[in-house]
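Have the sequence and the 3D view open while you read.

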Amino acid sequence: MNQTSTSNQDWNSSLYQEKHAFVWHYGENLLLFLNPQPNERILDLGCGTGQLTAKIAEAGAEVIGIDSSDEMIEQAQQNYPQLQFKLADAKNFQLSQSVDAVFSNATLHWIPEADAVISSINKSLKIDGRFIAEFGGKGNVESIVKALYVALEKIGFDNPSKLNPWYFPSIGEYASKLEKQGFEVTYSQLFYRLSLLQDKDAGLANWIKMFCGAFFKGLSEEEIIQVINDVEKQLKLKLYQEGNWFADYRRIQVKAIKK
Ligand code: BEZ
């Protein structure tokens with residue numbers, strides 16, 4: 001995920017840990033890209049329940065995990081009491097000591113104020129420090145978003161896109177934001193990753209309940225179920241295969257160096 005209360009999203013850390021482990025399993029590839037070294041200081045931005053923070057620590061780096069959800073931070077600290085976690089806002093955090101690398105998996109699409117986030121990252125990095133991130137890119141979960149809009153319109157919403165909490169930039173847009181703040185972008189890619197959702201028939205409903213709270217403020221439980229059923233019906237042909245649901249993820253990966 002892993003970021004957090006800046007949007008209209010409430011986080012359920014148990015549902016996240018139990019049913020959405022794929023979020024950090026996919027993030028493990030990004031760790032190869034980070035390549036943490038012993039004694040480096042590394043920030044895990046949007047650490048969620050801490051699984052990737054712990055992997056960074058296993059490499060011998062000194063790591064701090066931050067997240068803006070207190071539920072997530074509490075769970076992370078419970079999972080890994082030996083590690084350092086802090087409640088902080090990605091748009092506006094300060095570290096007591098600068099870091100060699102900022103790592104962020106599946107977080108930055110929750111924060112439309114990308115310039116503020118990049119500025120905080122910039123201030124926290126040493127010169128020549130690296131920023132390694134993966135998050136939802138342009139076109140991410142496009143079928144799910146479209147189906148949600150259709151279902152919400154059917155129950156009377158005029159303009160459901162107003163409720164969309166996500167920021168899914170293109171490579172060009174995000175790289176130029178980084179360059180404007182003095183980063184050198186050394187790598188970026190945008191790619192599809194059809195992602196298997198846990199729990200068989202309940203997979204898409206679980207995903208929607210976990211991540212789509214911003215669309216459901218003020219709706220009754222019955223209306224939410226109606227919307228979820230409608231979305232499932234619209235997407236069955238496209239995202240349901242052999243008893244499993246998939247999400248049409250599209251990720252952006254970035255590596256940038258602070259100059
Ligand atoms: C994502 O990881 O791409 C994502 C997760 C939840 C909502 C939207 C996107």
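Let's start with Val63: at 7% relative accessibility, Val63 counts as buried, because the cut-off for buried is under 20%. Keep in mind that this is a predicted model.

**Val63 and its surroundings**

- Val63 sits in strand β2, which covers residues 62-67.
- Setting aside residues up to four places away in sequence, Val63 touches Ile42, Asp44, Thr53, Ile56, Ala57 and Gln84.
- Leu219 is 156 residues away from Val63 along the chain, and their C-alpha atoms are separated by 40 Å.

- Ile171 belongs to helix α7, made up of residues 171-180.
- Ile171 and Gln189 are 18 residues apart in sequence, and their C-alpha atoms are 7.0 Å apart in space.
- Gln189 is also one of the contacts of Ile171, along with Ser188, Leu190 and Ile252, once neighbours within four places in sequence are left aside.

**The ligand and who surrounds it**

- Which residues surround the ligand? They are His109, Trp110, Asn140, Trp166, Phe168, Trp207, Phe211, Tyr249 and Arg251.
- The side chain of Asn140 has an N or O atom 2.7 Å from an oxygen atom of the ligand.
- Arg251 has a side-chain N or O atom too, and this one is 2.4 Å from an oxygen atom of the ligand.

- Look for His109 in the loop between β4 (99-105) and α5 (114-124).
- His109 is buried, because its relative accessible area of 9% is under 20%.
- A polar atom in the side chain of His109 lies 2.9 Å from the backbone nitrogen of Gly136.
- Gly136 is also among the residues that His109 touches, and the others are Phe135, Pro165, Trp166, Tyr167, Phe168 and Arg251, not counting residues up to four places away in sequence.

**Cavities**

- How many cavities of 30 Å³ or more does the structure hold? There are three, and the largest cavity contains about 200 Å³ of space.
- This largest cavity is lined by 19 residues, and the closest to its centre are Ala106, His109, Phe211, Tyr249 and Arg251.
- The elements giving two or more residues to that lining are α2 (22-34), α8 and β8 (244-258), and α2 has the largest share, with four residues.
- By class, the lining of the largest cavity splits into twelve nonpolar, four polar and three charged residues.

**The largest pocket**

- The volume of the largest pocket is about 260 Å³.
- Residues lining the largest pocket include Gln9, Asp10, Lys209, Met210 and Glu221.
- The lining of the largest pocket has four nonpolar, three polar and four charged residues.

- Why is α8 described as largely enclosed by the rest of the structure? Eight of its nine residues are buried, so α8 is largely enclosed.
- Among the buried residues of α8 are Gly203, Trp207, Met210 and Phe211.
- Trp207 and Phe211 are also among the residues surrounding the ligand.

Key: Residues numbered from 1 in each chain as written. Predicted model: local features only at pLDDT ≥ 70, side-chain atom pairs only at ≥ 80, totals over all residues. Heavy atoms only, no water. Buried < 20%, exposed > 50% of the residue type's maximum accessible area, 1.4 Å probe, protein only. Polar contact = N/O pair within 3.5 Å; in protein donor to acceptor, adjacent residues only side chain to side chain. Contact = heavy atoms within 4.5 Å. 1 Å grid on protein atoms, 1.4 Å probe; cavity = no way out; pocket = protein on both sides within 12 Å on 5 of 7 lines; lining within 4 Å. Points joined across faces, edges and corners; volume = space filled by probe spheres on them. Nonpolar A, V, L, I, M, F, W, Y, C, P; charged D, E, K, R; others polar. Near = heavy atom within 4 Å.
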